[in-house]
Amino acid sequence: MTDRPGPDDLVAAAAHEADLVERVRRGDVEAFDGLVRIHLRRAHAVAYRLMGHREDAEDLVQDAFLAALERIDTFQAGRPFGPWFYRILVNRGLNARKSRSLRRTDEIPEQAPSSSVAPDREAERGELKARLRTALDALPEKQRMVVELFELEGFSGPEIAEILEIPDGTVRWHLHEARRALKKVMQPFAPREP
Amino acid sequence: MNEPLPVPPADPQLRSLLAEVCPVPRLGEAEVGRLASTIRARAVLPLARLRRPDPWWESAAGWLKPLVPLAAAAAVLLALALRAAEPEPPHVPAALGPAPGVESLLGSILPPAEYELLASGAGDAALLLTAALEQR
């Protein structure tokens, strides 16, 4: 899990990013490189969530950065770069997913179970995860994306609204609905009070 | 009125379970460097285009663009004003046709000898014409 930065850090980061964007508009290679490095890891994670394959995710990240550069003149100065860029990435990812046959989804090896956890608890946790995955797969595509962006990639509600081009209230509604569905699955596995 | 839904509070247990259920390969330093270099190499040309100053016609086109509708409106007004200032052409009834020439008129009225006398200016024009009209 990532530590969330404080308000001062966010202000400083936003000012730095705005400066980089202005320099990129003038064709500054170093500024573009700086902007890429700020967003690369998160962009790759979001791209991977969309494409389900490492190389497809890398292709998408490259395309999204170059597309953002091509239309940097349309970026509204003074607004945060992140949501604008991730909107490009998500739109391109959704289009790519529709238009081409993707490589097989990567199987990421699960972490080895801790030896300190009792085998029956481990089995229960495995069962819970399996049910959670089924419930997650059953969510509507947009709802699942909202959950993953919010819970796993740390985007705020307004940022997700801008990325997915939906109202802020709709994002919160998706979050509540998804939470309700996922909690229902988790309920039987909740630790019982002694 | 309905209260807007608040953002649901953080749920660390759900978050950690989801992270296990939907794992994502995180990029290491070396992978970040490799991918960033690839993107940088592909961005060289677009960045060079951004560094190149606009040719004069592109900047001129930029500030001329808002003038296009004004120019079109001015042209229409000018055309209307010129049309209003133009004098009306004299009204000629189409049925009358062109007026016959004086010479051919006199030639048809006067006998040839008197016409020649009139044309040479030797005879009394009024007298000759009156006599000719009376004969007809």
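**Reading aromatic pairs and helix packing**

Phe65(A), Phe75(A), Phe81(A), Trp84(A), Phe85(A), Tyr86(A) and Phe155(A) form one aromatic cluster. The model discussed here is predicted.

Colleague: How many aromatic pairs does a search of the whole structure find, and what describes a pair of aromatic rings?

Modeller: A pair of aromatic rings is described by the distance of the centres and the angle of the planes. Over all chains, the search finds seven aromatic pairs. In one of them, the ring centres of Phe81(A) and Trp84(A) are 5.7 Å apart and the planes stand at 50°, so this pair is tilted. An angle over 60 degrees would count as edge-to-face, and one under 30 degrees as stacked.

Colleague: Where do Phe81(A) and Trp84(A) lie in chain A?

Modeller: Both belong to helix α4 of chain A, which covers residues 81–99. They are three residues apart, about one turn of the helix.

Colleague: Which kind of aromatic pair do Tyr86(A) and Phe155(A) form?

Modeller: Theirs is an edge-to-face pair, with 5.0 Å from centre to centre and 75° between the planes. This pair links distant parts of the chain, since its members are 69 residues apart. Tyr86(A) is in helix α4 of chain A, while Phe155(A) is in the loop between α6 (141–152) and α7 (157–164) of chain A. With a relative accessibility of 1%, Tyr86(A) counts as buried. Phe155(A) is buried as well, at 2% relative accessible area.

Colleague: What sits over the ring of Phe155(A)?

Modeller: The charged end of Arg42(A) is placed there, 3.6 Å from the centre of the ring. Arg42(A) also takes part in a contact between two helices, α2(A) and α4(A).

Colleague: At what angle do α2(A) and α4(A) pack, and which residues make the contact?

Modeller: The packing of two helices may be read from the angle and the separation of their axes. Here the angle is about 35° and the axes are 10 Å apart. α2(A) passes α4(A) in a right-handed crossing. On the α2(A) side, the contact residues include Leu35(A), His39(A), Arg42(A) and Val46(A). On the α4(A) side, they include Phe81(A), Phe85(A), Tyr86(A) and Leu89(A).

Colleague: How are α1(A) and α2(A) oriented to each other?

Modeller: Helix α1 (residues 7–25) and helix α2 (residues 29–51) of chain A pack at about 135°, and their axes lie 8 Å apart. Angles over 145 degrees would count as roughly antiparallel, and 65 to 115 as roughly perpendicular. α1(A) and α2(A) are therefore oblique to each other. The crossing in which α1(A) passes α2(A) is left-handed. Among the residues that meet are His16(A), Leu20(A) and Val24(A) in α1(A), and Phe32(A), Leu35(A) and Ile38(A) in α2(A).

Colleague: Which residues does Glu162(A) touch, not counting residues up to four places away in sequence?

Modeller: Glu162(A) touches Arg79(A), Pro83(A), Trp84(A) and Arg87(A). Its place is in helix α7 of chain A. Glu162(A) has a relative accessible area of 19%. Since the limit for buried is under 20%, Glu162(A) is buried.

Colleague: How many helices and strands does chain B have?

Modeller: Chain B has seven helices and zero strands. Its pattern along the sequence is α-α-α-α-α-α-α. Chain B has 136 residues, of which 18% count as buried.

Technical notes
Residues numbered from 1 in each chain as written. Chains lettered and ligands numbered in written order. Predicted model: local features only at pLDDT ≥ 70, side-chain atom pairs only at ≥ 80, totals over all residues. Heavy atoms only, no water. Phe/Tyr/Trp six-rings, centres within 6.5 Å; stacked < 30°, edge-to-face > 60°. Helix = DSSP H or I, 4+ residues; strand = E, 2+ residues; numbered from the N terminus. Buried < 20%, exposed > 50% of the residue type's maximum accessible area, 1.4 Å probe, protein only. Lys NZ or Arg CZ within 6 Å of the ring centre and 35° of its normal. Axes fitted to C-alpha atoms, helices over the stretch in contact; angles between N-to-C directions. Parallel < 35°, antiparallel > 145°, perpendicular 65-115°, else oblique. Left-handed = near helix turned anticlockwise from the far one by under 90°. Contact = heavy atoms within 4.5 Å.
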